[in-house]
Amino acid sequence: MRLGAVVITMGNRPAELNALIDSVLGQEGPAVELAVVGNGAPLPPLPAGVRTVELPENLGIPGGRNVGIELFGPDGRDVDVVLFLDDDGLLPGKDSARLLREAFAADPGLGIVSFRIADPETGVTARRHVPRLRASDPLRSSRVTTFLGGACAVRTAVFPKAGQLPAEFFYAHEETDLAWRALDAGWSIDYRADVVLHHPTTSPARHATYFHNVARNRVWLARRNLPAPLVPLYLGTWFLLTLARRPSGDAFKAWVGGFKAGWREPCGPRRPMRWRTVWRLTRLGRPPVI
């Protein structure tokens, strides 16, 4: 079971990047191959054997990760599983690679594994980092319907069937787009609490375009993947939830602008999931209306 890891970086965290690389290279068992993408930024000196590319412009998170996949050959076929890791993350345990090899080898239908993200200072896992609605117990592993983009592993056989990450999204919801397509192609997704990535607790709203992209990409997610009757239900639910969360005036204005852009701008090919996939999502506790 050959593992490869993709890390994208903007070049502004060289110390954290090298610490992450050391934690990957220090894993037990066969070496994990590494690919580092400079997403519109030059790369610092890296260990020998690391596959690298420096992109002339920032392609966004999904676009950069797709480039990293291709560093392992078309659709990543040089490896069996590709890990996506944030450049300011760290694998604290040396057994993460072994646990992933065992998980994918034991279940041929397992397509994606989502790791548990824990703050390195407190050990706390934020509720939003548990990819299910019942998120009160982050130490409970379970089958889920989405995954965490900077702390996950994807079987490369998923990509020829479900496609890669949607580069158009740039940032936000690209994981759920791939997750829904992978589930529709017959793959399963697991949240594994025993595979841990240390990552500082931060607010996603630190990104300047957060509210705009969240709203736009939510519309794109529905337009691309949901059967037509579910599109207004899904987006209506999220519109009401956004109002209930009482965002600031500027945040809500950006959100509304993104929501409108989601309808106005092209979102890529539409491939609505089958109704049996809708039922599968529902049985897993997250029907695609929320």
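**Exercise 1.** Work out which residues of α5 meet which residues of α9.

*Solution.* Start with the contact list: Trp180, Leu183 and Asp184 in α5 meet Thr277, Arg280 and Leu281 in α9, where contact means heavy atoms within 4.5 Å. Sort those residues by class and you get 3 nonpolar, 1 polar and 2 charged. Here Ala, Val, Leu, Ile, Met, Phe, Trp, Tyr, Cys and Pro count as nonpolar, Asp, Glu, Lys and Arg as charged, and the others, Gly among them, as polar.

Next, the geometry. α5 and α9 (residues 275–283) pack at an angle of about 110°, with their axes 9 Å apart. The axes are lines fitted to C-alpha atoms, for helices over the stretch in contact, and angles run from 0 to 180 degrees between N-to-C directions. The two helices are therefore roughly perpendicular to each other; the cut-offs are under 35 degrees for roughly parallel, over 145 for roughly antiparallel, 65 to 115 for roughly perpendicular, and oblique for the rest. Helices themselves are DSSP runs (H or I, at least four residues), numbered from the N terminus.

A word on the model: it is predicted, local features need pLDDT of at least 70, side-chain atom pairs count only at pLDDT 80 or more, and totals for chains, interfaces and linings use all residues. Residues are numbered from 1 along each chain as its sequence is written, and side-chain values use heavy atoms, with hydrogens and water left out.

**Exercise 2.** Now take α5 with α6: at what angle do they pack?

*Solution.* α5 (residues 174–184) and α6 (residues 210–225) pack at about 15°, and their axes lie 10 Å apart. That makes α5 roughly parallel to α6. For the contact itself, Thr176, Asp177, Trp180 and Arg181 of α5 meet Leu221, Arg224 and Asn225 of α6. Tally the classes: 2 nonpolar, 2 polar and 3 charged residues. Trp180 is also in the list for α5 with α9.

**Exercise 3.** Describe how α7 and α8 cross, and say what classes of residue make the contact.

*Solution.* The axes of α7 (residues 230–244) and α8 (residues 249–264) come within 12 Å and cross at roughly 170°. That makes α7 roughly antiparallel to α8. From α7 come Val231, Leu235, Trp238, Phe239, Thr242 and Leu243, and from α8 come Phe252, Trp255, Phe259 and Trp263. By class, this gives 9 nonpolar, 1 polar and no charged residues.
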